[in-house]
Amino acid sequence: MNSYDLSALLIVILPALSFLVLGLFGNRLSNRVSGLIGCASLVTTAILAIYVAAGYFFDFGLVGGVHEKHIALQFQWLKFTENLSIDLGIVLDPISVMMLLVITIVSSMVHIYSLGYMKGEEYFERYYAYLSLFSFSMLGLVIAVNIFQMYIFWELVGVSSFLLIGFYFTKPSAIAAAKKAFIVTRFADLGFLIGILMLSYNTKSLDFFTIIERLTQVGSPYLANFTATSFMGMSALSWALLLVFMGGAGKSAMFPLHIWLPDAMEGPTPVSALIHAATMVVAGVFLVARLFPVFAISAPDALLIIAYIGAFTALFAALIACTQTDIKRVLAYSTISQIAYMMFGLGVAGWGAENSEGFTGSMFHLFTHAFFKALLFLGAGAVIHAVHSNEMKDMGGLRKSLPITHITFLIACLAIAGVPGLSGFFSKEAILAAAFHSHPTIFYVGLFTSGLTAYYMFRLYFRIFWHNPVPEHSHNHEGHTWAMNIPLIILAVGAALAGWIPFGSFVSADGKAMELPFHLTFSIAPVAFGLIGIGIAYLLYAKKNDVPDKIASSINAFYKASYNKFYIDEIYLFITKKVLFNLVGRPAAWFDRTVVNGLFINGSAEATVATSRAIKPMQSGRLQSYTMFFLGGVLLLAALLIIKFM
Amino acid sequence: MSASTIIFYILATLVVVFGALTVFSRKIFRAAISLLLSLTFVAGLYFLWDVDFIGALQIIIYVGGIIVLIIFSIFLTHHSGQKLPKAKVSKKLLSGTLAVAGLGFTSWVVSQFVFKPAVGVTPVEPNVHNIGLQMLNYSEYGYVFPFEVINILLLAALVGAIVIAIKKSQETEK
Amino acid sequence: MEQVPLSHILILSSTLFFLGVYGFFSRRNLITMLMSVELILNSVNINFIAFNKYLFPHQLEGVFFTMFIIVVAAAEVSISIAIIINLYRRFKTIDIEDTTTMKY
């Protein structure tokens, strides 16, 4: 075990230790100490992750110019049969190392930021314990060698997300949101589990790389068996992969399982930045990327479905984001839209050096998005911290009182809008170029969406920092919150410069270095769309005027639909409450109450009681009746025996 | 019919008659006296069968001990001249049926069965000499062990009777 | 010597036995019930002696059992009388119908 492997192990262990310490002894530690423990463990983790990443990308991971996977640790944990066992381990390959970087950096930033943001909150140490638990599970998820290991950590991530969304557990809306997130993602995970079972049944393995090998090799008997059966025009393999994707769609909030993410904004804002923007919600993208060779080689039809779902979700969420007034909800829908970008980036990719730029672009976007979206959330958190409200109408003209937040927020908005030179531009460009080459329809959807993205992000920006005139006597709100400012600045640097990393030479589908194509002529359209979006937002929201209201009333029906999130929640409610509840729930409840409870449980109890009441008088306390029974029985027995044997 | 046979039937009748009086009499003292007579006639049967020792025991222990004890307890718990309450008719019927059925069944079985006496054996005289020898014999067929056990039983009964019947001081204080 | 048939003796003893049984069931007074028990024991004793005399005259087992039964009966009566007196002290009666506290 060399120092890299050891560091990789420590990356996973440290947050777990910090969770245990904070969870077990947190209430005996002062807030300051528990916060410092959390931060120290995560900052150490981040440093180790940078060390491992540097080692992997430039040193031990690079074998003959190709980034090979490297198993840092693997041991058998649960053995089912000779072939089928659940292993736990650590695998280092381009995407998992990239994810390690993203998670540890964003998580450590959020830990530091929370020192300021959560100051004075009740259950401060519990908050840090949950954050550490989340970091541990997310790290365990990305380094999984085994699909079942991934599933275990996947659920752990879901639990910690549940705990953090419901952190303000005295607030009914937070509880409802936590429940909703948990139920929706659990429901999706059911599909994931079925998919896992199908995959492992047909490949006789749970190991990621064995599965990939057995399902991608030409002439593999497993592959032939798997694709032999088909259902509704798609092979069993495609269905299995789509079921796996269902789990990913639940975590990544793809349409129609996106409904939990906007509500999850009830959690503390740093949590939204960490979990619901940068890390957990990209788990679905990561899952598809992990199994990408299988998708691309053996089930392109499933990949195509993912591409269309991604494209639709991107547009759909962007449309909703345009009309929301709660700034965190705008960011939530923006997140959905951006993750959908990554999804369709994967969807349009193919196998082979020339086709897989969508894969690299998607991973690139994941990387850059983590920076600027975490930054946006943390900036929004700073704003909320200052004005104590989530609603846009309470904001405006904050650029003087929150200068650092203002600048960093602007950088993030420019990055997400795809302004050339900032990180979002490069990654979005790569995805759009990939889409343009393989699926033009999706490209046009993506193009339009990027315009919308620029529009709603700058609508947000202008509404927060401009719109109203700067109030007189405005003072600086930020002076004493350096714990919050430093992460903002660091992330802003990341959001600005992450795009200049030659990402293609590090992360690609087959590990070989590739050049992300960059055509100046191609970039004109997306950049133009982005600038138009920014321009419209400037016209409408930079100064207070009544044009937005007029536009809203002129397209009233559409505006309302978008404002109400296209009534998806209501449809869900209708299906669950009216249809499921009345058609399934009520009869089941009736059956349970009358037959199971009434007939079997209460019935047997009542029968017992009735019988015992009936035979109770026999226990009369009368000696003579006892002896009478006794003698009668003796005579009867004697008679029987004598008649039988005489 | 020899004299001993006649005497047997007379004794048997007396035993049954006084037994019935014990059971049916509604005056408890009379019942006790009937029991005494019945047991005495049973002793008479024993004398008739030449088991003198058992007959003597019967008279000494039953008539001289148990019946006296019972009469003492009657004096302790009853006012004299009081009649016993009548039993319920249903109860009488039920126990009567049970007793008659049992008696009928047993008599039927007894009359059906053919008893085979041991033949060609030398009878043992059941006198005190023989009984005493076997009672305290610790070789085969000796009864010294049951004898000791009975000793302990009697001791236990002695102590137990005292413990049960004694007036508890706490109760008197109440 | 002409003898009484064994079955007659057995019928005598069983008559005595079931008289005792009847008394035990129908009487309400504990002391009379105790007397019925004495009748039952005696009927058994008669049986033992009769069997010993008629069937196994070369042994003394019946005699011994009778002796033991008499001794046990003595012990039993002494204990029963003690119980009856104790019961009388507590309930002021020895009527079996009134002393049914040991029930459900």
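**Close-up views of a predicted three-chain model**

**View 1. Residues 63-88 of chain C form a helical stretch.** Over residues 63-88 of chain C the chain is 100% helix and 0% strand, with 37 Å between the end C-alpha atoms. Helices (H or I, at least four residues) and strands (E, at least two) are DSSP runs, numbered from the N terminus. Residues are numbered from 1 along each chain as its sequence is written, while chains are lettered from A and ligands numbered from 1 in the order in which they are written. The model is predicted: local features need pLDDT of at least 70 and side-chain atom pairs count only at pLDDT 80 or more, whereas totals for chains, interfaces and linings use all residues.

**View 2. UniProt annotates transmembrane regions in chain C.** An unreviewed UniProt entry lists residues 6-25, 32-51 and 63-88 of chain C under "transmembrane region". UniProt positions are given in the numbering used here, feature names are shortened, and annotations may be inferred rather than shown by experiment. Residues 6-25 of chain C are 100% helix and 0% strand, and their end C-alpha atoms lie 29 Å apart. In total, chain C has 3 helices and 0 strands.

View 3. The predictor's confidence in each residue, from 0 to 100, is called pLDDT. Its mean over chain C is 87, and 97% of the residues of chain C reach 70 or more. Among the elements of chain C, helix α1 (residues 6-26) has the highest mean pLDDT (92) and helix α3 (residues 61-91) the lowest (90).

**View 4. Chain B meets chain C.** Here 68 residues of chain B are in contact with 61 residues of chain C; two residues are in contact if their C-beta atoms, placed from the backbone, lie within 7 Å. On the chain B side, α1 (3-24), α2 (28-48), α3 (52-77), α4 (89-112), α5 (128-135) and α6 (144-165) each supply at least two residues.

**View 5. A374(A) lies in the largest nonpolar core.** This core has 211 residues, and A374(A) and A495(A) have the most contacts inside it. A nonpolar core is a set of buried Ala, Val, Leu, Ile, Met, Phe, Trp, Tyr and Cys residues joined through C-beta atoms within 7 Å. A residue is buried if 20 or more other C-beta atoms lie within 10 Å of its own, exposed if 12 or fewer, and partly exposed in between; C-beta atoms are placed from the backbone. Not counting residues up to four places away in sequence, A374(A) touches V106(A), M109(A), A273(A), A277(A), A278(A) and L491(A). Another core, of 62 residues, lies apart from it and includes A43(B), W49(B), I66(B) and M35(C).
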